[in-house]
Amino acid sequence: MVPANQGSRGALVAWTVMTTILFVAATIFAIYFYVEASKVADVQRTTAEKFKNVVAETELTSREVTDLEAARSNEELGFNSSMSLLQVALKQRDDLARAIGPSKYEQAISTINKLKTENVQRITTEGAAQLDTTSIEGLVNSMTDALASSQSEIAKLREDLAAAQKAQENAARELAIAREAMDRQLAEVRASAQKAMEATATYASSKDEDVRRIEQTYQEQLRLAREQQQKAEERIADLQRTADQRQKEIQNLQTRLAGLRVNAADPVVRQADGIIVRNPSPDLVYINLGQGDQVSPGMTFQVFDKVEGVPPPGDPESDENLPRGKASIEVIRVGPTSSEARVIRRQPGQTITEGDLIVNLIYDRNTRYNFLVFGNFDIDRNGQATAAEAEVIKRLVTQWGGRLTDKVNVDTDFVVLGIEPELPEFTREELEEPLNLAKFEQARADKDAYDRIKAIAQDYSVPILNQNRFLYFVGFYELARR
């Protein structure tokens with residue numbers, strides 16, 4: 001006989017022991033679970049018997065139970081979800097009994113019978129004639145039919161409510177679609193805004209660099225400007241010295257020419273050209289100027305009192321205290337040594353007498369004066385100054401013996417200025433229009449030229465007369481108004 005392997009025998013013994021232990025453990029667990037299952041089955045049988053005493057199993061799915069379950073969630077009637085269905089039914093019974101009157105079941109039955117026998121007639125006469133009042137059951141059945149009718153109406157109302165809810169759902173769905181579209185648009189707008197912010201940041205960064213370069217350029221230009229300003233100040237100082245020297249020369253020239261040129265305050269301006277020699281009628285006079293004195297028909301003179309004399313020209317920039325005499329006359333017939341003139345204006349309360357002085361600023365029997373006529377004039381007083389009316393002034397100067405010049409210099413005797421130009425008032429938006437801008441530039445150029453002529457005349461001490469003073473001194477004011 002071959003001896004058995006000792007390793008195989010040990011393994012067999014170990015396996016046998018393990019199998020035995022597992023079997024014993026399984027047997028113990030089986031006995032434990034059997035006992036527990038028996039207890040559970042006993043409890044289930046006991047519970048089922050108790051449950052059958054309350055409600056049959058087939059009634060668990062009845063409509064009454066369903067109504068009880070629905071009523072349990074109605075918190076307005078005092079129910080709550082933690083109540084059992086029996087508690088719900090008992091509460092309904094108690095609520096119904098309290099609604100009838102008594103609080104106990106037996107008393108409630110008694111009250112129902114009393115209602116059936118004593119109060120049915122009252123219920124019928126108060127508006128329930130269609131009810132079956134022969135018995136409480138019939139009354140209940142009638143009321144049940146009425147309830148069914150009401151429930152039918154309620155069902156219809158529920159259908160209407162369902163339709164309304166459906167419409168509401170459709171509206172909500174459309175609202176959701178619109179909101180979704182709006183959300184998409186909002187997302188797009190936000191994305192655009194984000195891009196714009198990024199672009200703005202990039203732009204700001206680039207502009208910062210531009211500003212830095214501009215500041216560098218500005219500093220360089222400022223340095224150059226300061227150098228140029230210093231040179232300009234040096235040049236201005238040189239020019240000022242030259243101007244002072246020229247001013248002294250001008251003063252010397254003015255001193256030398258004082259005896260040769262007429263001044264606004266000089267007596268020569270106020271010297272009479274002739275006198276009234278005869279006054280045969282209020283509208284006709286004779287003057288001591290004739291053919292040999294270069295007098296022509298149409299020439300006008302201003303008549304001043306022989307005692308008061310000829311007034312000074314006054315302020316050329318104002319029409320106050322105009323040199324207005326007694327009258328204005330116009331030559332109508334020239335004789336050898338005297339001329340006949342008609343009175344074209346007479347100052348109220350004044351009388352022309354023999355010996356009164358006559359003056360015409362242009363006319364002088366001994367010399368010819370040089371006149372500069374500049375600007376636009378409004379001789380006819382219509383509020384519109386024109387260059388054509390300036391030609392009238394020029395014609396009077398040449399017609400009555402004066403000479404015209406085109407610039408102010410030491411040979412100029414009088415400067416006659418027209419209406420001072422005014423700058424039109426335009427807003428910044430109106431100046432953006434080319435036509436308005438051209439009008440403004442032209443008006444400014446006219447104003448600068450006017451001021452320049454007046455300034456030069458003042459520097460040379462040349463008498464300046466405005467339109468009205470000129471017309472008064474030549475006696476033509478009244479004719480100009482006609």
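Author: Helices and strands here are runs assigned by DSSP and numbered from the N terminus, a helix (H or I) having at least four residues and a strand (E) at least two. This is a predicted model, in which local features need pLDDT of at least 70 and side-chain atom pairs count only at pLDDT 80 or more, while totals for chains, interfaces and linings use all residues. Residues are numbered from 1 along each chain as its sequence is written, and side-chain values use heavy atoms, with hydrogens and water left out.

Reader: What is the phi of Gln294, and is Gln294 buried or exposed?

Author: For the second part you need the cut-offs: buried means under 20% relative accessible area, exposed means over 50%, and partly exposed is in between, with a 1.4 Å probe and protein chains only. Gln294 has a phi near 60°, a positive value in a residue other than glycine, and with a relative accessible area of 61% Gln294 is exposed.

Reader: How many helices and strands are there in the protein, and what share of the residues is buried?

Author: The protein holds 10 helices and 10 strands, and of its 482 residues 25% are buried. A contact means heavy atoms within 4.5 Å, and among the contacts with a separation of 6 or more, 68% come from residues 24 or more positions apart.

Reader: Where in the protein is confidence lowest, and where is it highest?

Author: The idea to hold on to is pLDDT, the predictor's confidence in each residue, which runs from 0 to 100. Confidence is lowest in helix 4 (residues 105-125), with a mean of 57, and highest in strand 2 (residues 284-287), at 95. Over residues 261-265 the pLDDT is below 50, and beyond near neighbours in sequence this stretch has 18 contacts in the model. For the protein as a whole, the mean pLDDT is 80, and 81% of the residues reach 70 or more.

Reader: In what order do the six strands close into a barrel?

Author: To follow the order, remember that two strands pair if DSSP finds at least two bridges between them. The six strands close in the order 1-2-5-4-3-6, and the pairing is antiparallel. Neighbouring strands of this sheet are turned by 45° against each other on average, direction ignored, where the axes are lines fitted to C-alpha atoms (for helices, over the stretch in contact) and angles run from 0 to 180 degrees between N-to-C directions.

Reader: Which residues of strand 2 are buried on its two sides?

Author: In a regular strand the side chains alternate between the two faces of the sheet. Here both faces of strand 2 are covered, with Leu284 and Tyr286 buried on one side and Val285 and Ile287 buried on the other. A hairpin of two residues joins strand 1 to strand 2, and strand 1 (residues 274-281) pairs with strand 2 in the antiparallel sense over three bridges, where Arg278 has Tyr286 as its bridge partner. Strand 2 also pairs with strand 5, again antiparallel, over four bridges; there the bridge partner of Tyr286 is Glu340, and that of Leu284 is Arg342.

Reader: How many bridges pair strand 4 with strand 5, and how many residues of strand 5 are buried?

Author: Strand 4 (residues 327-334) pairs with strand 5 (residues 339-346) in the antiparallel sense over seven bridges, and the two form a hairpin with four residues between them. Within this pairing Val334 has Ser339 as its bridge partner, whereas Ala327 stands opposite Arg346. Six of the eight residues of strand 5 are buried, so strand 5 is largely enclosed by the rest of the structure.

Reader: Which residues of helix 6 are buried, and why do they line one face of the helix?

Author: Helix 6 (residues 387-399) buries Glu389, Ala390, Ile393, Leu396 and Val397. Seen down the helix axis, these buried residues fall within an arc of 115°, so they line one face; the arc is that of the directions from the helix axis to the C-beta atoms. They pack against strand 7 (370-374), strand 8 (403-404), strand 9 (414-417) and helix 9 (467-473). Just after helix 6, Gly401 takes a positive phi of about 105°.

Reader: Where is Ser461 placed?

Author: Ser461 is in the loop between helix 8 (434-459) and strand 10 (464-466), and with a relative accessible area of 29% Ser461 is partly exposed. Among the buried residues of helix 8 are Asn436, Phe440 and Tyr450.
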